Each structure stands twice: as structure tokens, then as C-alpha cells.
Amino acid sequence: MSSPNVIVVEQPWLQVGCTLGEGKPSTTRNIFWLSTALACAAAQGFGLLEDNSSITYLSTPLSSQDAPFTRFNDGACDSKGRFFAGTIENKEPKDSNGLGWSPDEKTFYFTDSLVNKIYAYDYNDGVLSNRRLFVDALEKGFPAGTFCDGLCVDTEGGVWSARWGGSCISRFTSSGELDLLIKFPTALNITCCCFGGPNNDQLFVTTAHCGAIGGDATRQKDFMHSGDVFLVDLSGRYKVNFLFILLICCSNLVTSLFEHEQIKTTLPKARDAARLAEKIITMGKKGGNGSIERASAFLLKSSVVPKLFTTFAQRYAERAGGYTRIHRFGNRQGDNAPHAILELVDNPRDLRFEMTARAVGRDTVKAELSGNSPKSLLSEGISEEKTMSAIHVPENQKSMLHPKTLWNLQKVLRFRGPNAVQELSKKASEYAEELVAAPMAFKTLHEELKAKNVHAHAPRRHAGHKSISETRSALDISKAAFTTTSPAIPLSRNPKKKVVFSMENALTRSPVLP
């Protein structure tokens, strides 16, 4: 074996103490937190690892005859999102291990651990052919009793192979020559490696306990960090390109967006998916066989392709762009990642259309209250004619709507078609009547509660619910709802007196106490 470059790493990056780098850590602190499920190759098939450490199987391809002595092992994903995984058989010992692809994804690498060989295949859109030997570890001079394990591939086409029982990771060039050796003198069983970090140039290495799979546990004192995770800084030398992973994620998001027309995800993902969705919709408007082929190759569900070239192409025929809209939606619990709702403009559940209709209804109620009592307004109701008159205002008259509401009206009605005004007016009228009727419903509910118990408390609005003319943020109201003097709840000057949620104190601004 020729003399390759050597890097020595002695100290672990994370002391986990796992038997196979897969079990629970020896410490009680959390290493990571799952906000969603992770795809994995589990014992009996492909599954999802949930945040409660449970596994939900998506596919169990093993037959009843093979399942007792066969389990799944290492897996990997190609750029199209296809998940490949090998198996381990105990009846006639076979051990499928590390999988990977060359940067151009024309070559597929497969590790057969028990024979100490890595094979290469021609790879064409999920089809394997032309199997050939890529590396024979024993011929390269690696000692018997050590085995090839997990692998990964860098941007130069180099194959990084972990060495079970060999305390090292070897890098082979695309031609199969050994050019780099990373040694871990404090760990015996090196199980797998992958690139990560901000610039994808940090090599993360997992290891296994010396006593794993019938090994000699007494050797653990000589290799005290077996079972820990190591980090090798390769910045400026080697890295991996994760662009295809981003494309898989965005392809999945865009497919879901076209299917449901409204999805919830993190803000960065929403921005990436929105840019791609705009291009795909433009492609759908152009039409043609070339556009259909490109869209079909990108979208993960064939059922949404006809929708792209018919429904969306017709809906956005007059628009020059701006087919998507992003609404910020607070932060996700756990990792505090910013949430967002990504939707197609003018979809049947358009959030801006709904919010604008509610704004029209709210402004109409405020204008009607200036000349009518709440009770008379309740008896007369807010008809569609009133909301329609609020939308259509002559140029020589001042509109009762807020300037921002007028601006949103222009935005949501411009391309929605001739029935959009009637639809918005109907929604605005329904919401206005809800605003007027809700206080009376609370009052009636309170009277029913008092009939059963004279000491019953008055019903309270939910935290964040604002009455007419209140302009404070919902966050302030929700915070104040936990105090005894919450301005979100109308109070009397006698703090001991229970306040009835009546129409008068619900449809006007809450009184300011001295």
C-alpha cells in the first residue's frame, strides 16, 4: 500500500458512549430535538423516526420468510429523493453497508463489508447496471479482521470509507487509489462518516463500543472513546455539495403547495420554495412538451402536473408574476424557527382575501356604530348592500374604510374575476354580523350561567381577541389576560363587581381606569 497523507484525531467532539452509535447516550442531556419526523431505514423496512423515539413504518418489503434473519442497514438518498437501503442477513452472512453516489450521480458505490470490497455501478435515473470492483481493501494492505463500513462522497468524487476495527477512515480517489488516511487512536470501531457544518467541510465520524456485535469489551480501556462522535476539520481541502438535498426539500414543498395551494413551513424554506414555484408556474403558462417534461421531472407527484398547465395557467394568465405569497406565522416551539404560511395567490382559501373581507366588515361595523345603537344594529343586521357600499365609494365621498384596507382591496380584487366583489362583500357581511352578535351571545350565556349559579363569572374573551376599535396588538392582550387588571376585559370601577359581557362594553373601547 502506498504512503497516503495521514491525519490523527484523538479527542472526540461529542462523548456519547453508544454501543453502535445508534442507541441512547450515556448522559441525560438532550443532544438534539426533533421538530418533525426523520426518514430512516429501520430493522424491518423504511420508516419515520418520531420525536418520541418511536418508529412508524412506511414500507416493510421483507417477506415473512426473510424477516426473522434479515434486517435493514445503511441507507442513502439520491437527488430525486429515492431512498436506497441495504440489508444484513444472518442465515448466510451478508452485510450491506455504506452507499453513495459520485457528484455527477452517474456512479453508485456499494459496500460489501464481509468481503471487504466496495463495488461501483453505472447509475441512470434509479437503474443500476455494470457492476465492477472499485476497491478491494485487503489488496490495498488493510489488515484482515477489519472491515469496510459506512461511506460518503465529496465534491471531487473521493470516497470516504469508515473502517470497522481499524481505527481509521480512508479516502479513495475516483480511480480507487488511497490518498488520505484519518486515524483515531482512541477509538477502535469506526462506523460511518458524513460532511456537515456551515460550509459542508466538516467531517463527522461515528464510532461503536468495543463490545458491540460480540466484540471484546475488555479492549474498551485501550480505546476509551469508542462509541463517541468525532469531528475532523477539512476546511479548504474537501467538502460536499448538499444542493441536491435543498432541491429535494424544495421539490417536495412545491409539490405540496401545488396540491393544497397553501402550506405551512419555516420562513427560509418558504422563501426558497416560493422562488421555484414562481418559475414552475411560468413554465406552466408557456406550455409545450418541453415544459411538461421539465415540470414532470421536478414535481414529485404526477397528479399535480395537469393542474399546473390548466388551473394555474388559466388563473394567472393575466399576471406577469407574483403567484405566491408568504405570511409570517410566529416561531416554532422547540427550536424557535420562524414559521410561515406559503400560499398561491387567489387560491380558494386566500388568506389576504379573507383578512381583507374581515377588515371591511370590521370597518363597516365601526362606521355604523357612530350613528346607531348596538341594539338597533343587532336587530337590523349588516347586509351585503352595506358592505358593498363600503367597497364602492364615489370619488367625491370619503370612504369609511381604513386606507390600508383600501390598498388591500385593490390587491385582492385586481385579478380575481367578476364575482370577486360579491364574494368579498358576502364574507365581510358574515363577519360583521358575527362581531355584532357575539356580545349578545356572551350576555345570554352569562344569564344562563347565573340562572344555575348566582355566583357564576361573566364569560371572558379568549386571549388575543380584540373588541371593535381596539388597536393594541394581540400579543399585548394575551399577556394582559393573565393579570387581574387586564385591559382586554372590560372592567367596572368597582373591581369586586363581575362585569357582564354586554353589547355596550363589547362594541366600544374598554374604559380607561384611573
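Trainee: Leaving aside its neighbours within four places in sequence, which residues is aspartate 74 in contact with?
Mentor: The model is predicted, so local features need pLDDT of at least 70 and side-chain atom pairs count only at pLDDT 80 or more, while totals for chains, interfaces and linings use all residues. Residues are numbered from 1 along each chain as its sequence is written, and side-chain values use heavy atoms, with hydrogens and water left out. Contact means heavy atoms within 4.5 Å. With neighbours within four places set aside, aspartate 74 has as partners Phe84, Ala85, Gly86, Ser96, Asn97, Gly98, Leu99, Gly150 and Cys192.

Trainee: How many Å apart in space are aspartate 74 and cysteine 192, C-alpha to C-alpha?
Mentor: Aspartate 74 sits in strand S5, residues 70-77; helices (H or I, at least four residues) and strands (E, at least two) are DSSP runs, numbered from the N terminus. In sequence, aspartate 74 and cysteine 192 are 118 residues apart, but their C-alpha separation is 9.3 Å.

Trainee: Among contacts between residues at least 6 apart in sequence, what percentage join residues at least 24 apart?
Mentor: The protein has eleven helices and 20 strands. For its contacts between residues at least 6 apart, the share joining residues at least 24 apart is 53%.

Trainee: Is threonine 107 buried or exposed, and what is its relative accessible area?
Mentor: Threonine 107 belongs to strand S8, residues 107-112. Beyond four places in sequence, its contacts include Trp101, Tyr121, Tyr123 and Arg132. Buried means under 20% relative accessible area, exposed over 50%, and partly exposed in between, with a 1.4 Å probe and protein chains only. Threonine 107 is therefore buried, with a relative accessible area of 16%.

Trainee: Are H2 and H4 roughly parallel or roughly perpendicular to each other?
Mentor: The axes of H2 (residues 267-286) and H4 (residues 305-315) come within 8 Å and cross at roughly 90 degrees; axes are lines fitted to C-alpha atoms, for helices over the stretch in contact, and angles run from 0 to 180 degrees between N-to-C directions. Ile280, Ile281, Met283, Gly284 and Lys285 of H2 meet Leu308, Phe309 and Ala313 of H4. Angles under 35 degrees count as roughly parallel, over 145 as roughly antiparallel, 65 to 115 as roughly perpendicular and the rest as oblique. H2 and H4 are therefore roughly perpendicular.

Trainee: How is H3 oriented to H4?
Mentor: H3 and H4 pack at an angle of about 130 degrees, with axes 9 Å apart. That angle makes H3, relative to H4, oblique.

Trainee: What is the phi of glutamate 105 near?
Mentor: Glutamate 105 lies in the loop between strand S7 (94-101) and S8. Its phi is positive in a residue other than glycine, near 60 degrees.
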